[in-house]
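Good morning, and thank you for coming. Please look at the sequence and the structure on the screen while I speak.

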Amino acid sequence: MGKKHGKDDHAPVSGTTHAAHPTMSLNLKVWRQSKKDAQGQMVDYRLEGVSPDMSFLEMMDLLNNNLVSQGQDSIAFDHDCREGICGMCSMMINGQAHGPQKATTTCQLHMRKFKDGDTIVVEPWRAKAFPVLKDLTVDRSAFDQVIAAGGFVNVNTGAACDANSILVPKENAELAMDAAACIGCGACVASCPNASAMLFVSAKISQLALLPQGQVEAEKRVKSMVAKMDELGFGNCTNETECEASCPKEINISNIARMNREFMKAHVTGREA
Ligand code: SF4
Ligand code: FES
């Protein structure tokens, strides 16, 4: 049973409690913003009956169920897979992108990481290139535009049976796979004091630059993607390494060094595919 709280300024938003299992009561401070360009504010909620086994998003679902049953507007937040794959669940939790657990997306974060009576501050990603649409949802289509600028392979790479005939050094194959783990969540941008997208862009460039199939368009790709990144208002990298620390897929900042090398090479050779 959740711990009893004293008098509170804010109306409690009660949830279902189960006598057999201890539940938590939380004080939530959530960013509410009715629409893009509207004035937003932090709003306090008391939530009871939170199971430690709930994911963070299930806790938000509980809060929303209670808000709706009280005739209030639910809190908008993005999610899709809830399996750490799609990168949609972008939330800044107590000032940390995706919350306090390393290498974990918000949807895979469980409430057992918090304590009964905790205050949890929940905000959207904050970056010029990711404008808030409503509450905790932001427009991350800037990432799509960066990918559309060159994050693909146009050349015919053959059928599945051809894959084994193109030899790839094991180390390169593994580095490419590591880079390809990026789920495009945007935590790197939200955590960087410059709102730089270089970890994301470098992962997308690296996953192709490390493979033979990515070589044909490599110079054009890095030039286009970096130019688009700059055009969309992402900041530059000043080696803060907050991006790597907050990345739920542990994308390594060595990818940024690789992107810089690819960029220099493209400009020195001056060739384009
Ligand atoms: S590099 Fe990491 S933090 Fe950035 S978008 Fe990819 S998965 Fe998310
Ligand atoms: S909802 Fe898909 S990664 Fe969290």
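Predicted model: local features only at pLDDT ≥ 70, side-chain atom pairs only at ≥ 80, totals over all residues.

Let us begin with the overall division. How many residues of each domain take part in the contact between domain 1 and domain 2? Domain 1 contributes 15 residues, and domain 2 contributes 12. On the side of domain 1 that touches domain 2, there are 7 nonpolar residues, 7 polar residues and 1 charged residue.

I turn now to the ligand. Around ligand 1 there is a shell of 15 residues. Which of them are closest to ligand 1? They are Cys-182, Cys-185, Ala-187, Cys-188 and Cys-247. By class, this shell holds 11 nonpolar, 3 polar and 1 charged residues. Two helices, helix 4 (187–191) and helix 5 (198–209), each provide at least two residues of the shell. Helix 5 gives the largest share, with 3 residues.

Helix 5 also leads us to the last topic, helix packing. Two packed helices are described by the angle between their axes and the distance between the axes.

The crossing of helix 5 with helix 8 is left-handed. On the helix 5 side, the residues in contact include Met-198, Leu-199 and Ile-205; on the helix 8 side, they include Ile-256, Arg-258 and Met-259. This contact comprises 8 nonpolar, 3 polar and 2 charged residues.

Next comes helix 6, residues 218–231, against helix 8. Here the axes are 9 Å apart, and the angle is about 110°. Helix 6 and helix 8 are therefore also roughly perpendicular to each other, and they too cross in a left-handed manner. Ala-218, Glu-219, Val-222, Lys-223 and Val-226 of helix 6 meet Met-259, Glu-262, Phe-263, Ala-266 and Thr-269 of helix 8. In this contact, 6 residues are nonpolar, 1 is polar and 3 are charged.

The remaining pair is helix 5 with helix 6. What is the angle between helix 5 and helix 6? The angle is about 175°, and the axes lie 11 Å apart. Angles over 145 degrees count as roughly antiparallel, so helix 5 is roughly antiparallel to helix 6. From helix 5, Val-201, Lys-204, Ile-205, Leu-208 and Ala-209 take part. Their partners in helix 6 are Ala-218, Arg-221, Val-222, Met-225, Val-226 and Met-229. By class, the contact of helix 5 with helix 6 has 9 nonpolar residues, no polar residues and 2 charged residues.

That concludes my presentation, and I thank you for your attention.

Technical notes: Residues numbered from 1 in each chain as written. Chains lettered and ligands numbered in written order. Contact = placed C-beta atoms within 7 Å. Nonpolar A, V, L, I, M, F, W, Y, C, P; charged D, E, K, R; others polar. Near = placed C-beta within 6 Å. Helix = DSSP H or I, 4+ residues; strand = E, 2+ residues; numbered from the N terminus. Left-handed = near helix turned anticlockwise from the far one by under 90°. Axes fitted to C-alpha atoms, helices over the stretch in contact; angles between N-to-C directions. Parallel < 35°, antiparallel > 145°, perpendicular 65-115°, else oblique.
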